[in-house]
Amino acid sequence: MTSYAILDALFLAGAAAVVLLLRRHSLLREHGPLGRHSSLRRRPQFQSYSARLWGPVLAGGLCLLVLTAIFDNVMIALGLFAYRAGSLSGMMLGRAPLEDFAYPVAAAVLLPVLWSWQRRSEIEAESKPEPDSREPT
């Protein structure tokens, strides 16, 4: 039997792997395949995650955690769902098991990174020169 803690660990590991892969991909695109001192033409820059950009991400994550705590407790109290006792760690926040909070943590980190990566792709696509329509075909 798989416990919710193992499922959460796999989910968080997957989210962390995506973040690390996108970060690595972003660094390669920023600095070229030869590293930071590459003589290759640099692509258009976009805002990477700096300290000032993590503030809104942390605030959003805190909001997600608070909303998860409120609504999980309400839904469990109303009997909308229940957990098997043997598959929980036993640590609770009200009636909500601690395992329920892995998903908002992953979302708070993964979704802004995915959005930023997608936005970067859009910026790079917009900056590519269009083919000259006067050339003979």
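Biologist: Is Tyr4 buried, partly exposed or exposed, going by its relative accessible area?

Modeller: The model is a predicted one. Tyr4 has a relative accessible area of 29%. Buried would need under 20% and exposed over 50%, so Tyr4 is partly exposed.

Biologist: How are the planes of the rings of Tyr4 and Tyr83 arranged?

Modeller: A search of the whole structure finds three aromatic pairs. In the pair of Tyr4 and Tyr83, the ring centres are 5.2 Å apart and the planes stand at 85°. An angle over 60 degrees is the criterion here, so the pair of Tyr4 and Tyr83 is edge-to-face.

Biologist: How many residues apart in sequence are the parts that this pair ties together?

Modeller: Tyr4 lies in helix H1, which covers residues 4-31. Tyr83 lies in the loop between H2 and strand E1 (92-93). The pair therefore ties together parts whose separation in sequence is 79 residues.

Biologist: Which residues do ring pairs link into a cluster?

Modeller: Tyr4 and Tyr83 form an edge-to-face pair. Phe81 also belongs to the cluster. The ring pairs thus link, because the centres of paired rings lie within 6.5 Å, the following residues: Tyr4, Phe81 and Tyr83.

Biologist: With which side chain does the side chain of Tyr83 make a polar contact?

Modeller: Tyr83 counts as partly exposed, at 23% relative accessibility. Leaving aside neighbours within four places in sequence, Tyr83 is in contact with Tyr4, Ile76, Leu88, Pro97 and Asp100. The polar contact from the side chain of Tyr83 has a length of 2.5 Å, and its partner is the side chain of Asp100.

Biologist: Which backbone nitrogen does the side chain of Asn73 reach?

Modeller: Asn73 is found in helix H2, residues 51-77. Leaving aside neighbours within four places in sequence, its contacts are Thr68, Leu93, Gly94, Arg95 and Ala96. At 3.2 Å, the side chain of Asn73 reaches the backbone nitrogen of Ala96.

Biologist: Is Asn73 buried or exposed?

Modeller: The relative accessible area of Asn73 is 19%. The limit for buried is under 20%, so Asn73 is buried.

Biologist: How far apart in space are Phe71 and Ala96, C-alpha to C-alpha?

Modeller: Phe71 is found in helix H2 and is partly exposed, with a relative accessible area of 46%. In sequence, Phe71 and Ala96 are 25 residues apart. In space, their C-alpha atoms are separated by 9.1 Å.

Biologist: What is the area of the nonpolar surface patch that includes Phe71 and Val74?

Modeller: Val74 is found in helix H2 and is partly exposed, at 40% relative accessible area. The patch is made by Leu62, Val66, Leu67, Ile70, Phe71, Val74, Leu78 and Leu80. Its area is about 780 Å².

Biologist: What pattern does the protein chain follow along the sequence?

Modeller: The protein chain has three helices and two strands. Read along the sequence, these elements give the pattern α-α-β-β-α.

Conventions
Residues numbered from 1 in each chain as written. Predicted model: local features only at pLDDT ≥ 70, side-chain atom pairs only at ≥ 80, totals over all residues. Heavy atoms only, no water. Helix = DSSP H or I, 4+ residues; strand = E, 2+ residues; numbered from the N terminus. Buried < 20%, exposed > 50% of the residue type's maximum accessible area, 1.4 Å probe, protein only. Polar contact = N/O pair within 3.5 Å; in protein donor to acceptor, adjacent residues only side chain to side chain. Contact = heavy atoms within 4.5 Å. Phe/Tyr/Trp six-rings, centres within 6.5 Å; stacked < 30°, edge-to-face > 60°. Patch = residues over 30% accessible without salt bridge, like charges linked within 9 Å, V, L, I, M, F, W, Y side chains within 5 Å. Areas by Shrake-Rupley, 256 points an atom, 1.4 Å probe, with all protein chains shown as cover. Salt bridge = Lys/Arg side-chain N within 4 Å of Asp/Glu carboxyl O.
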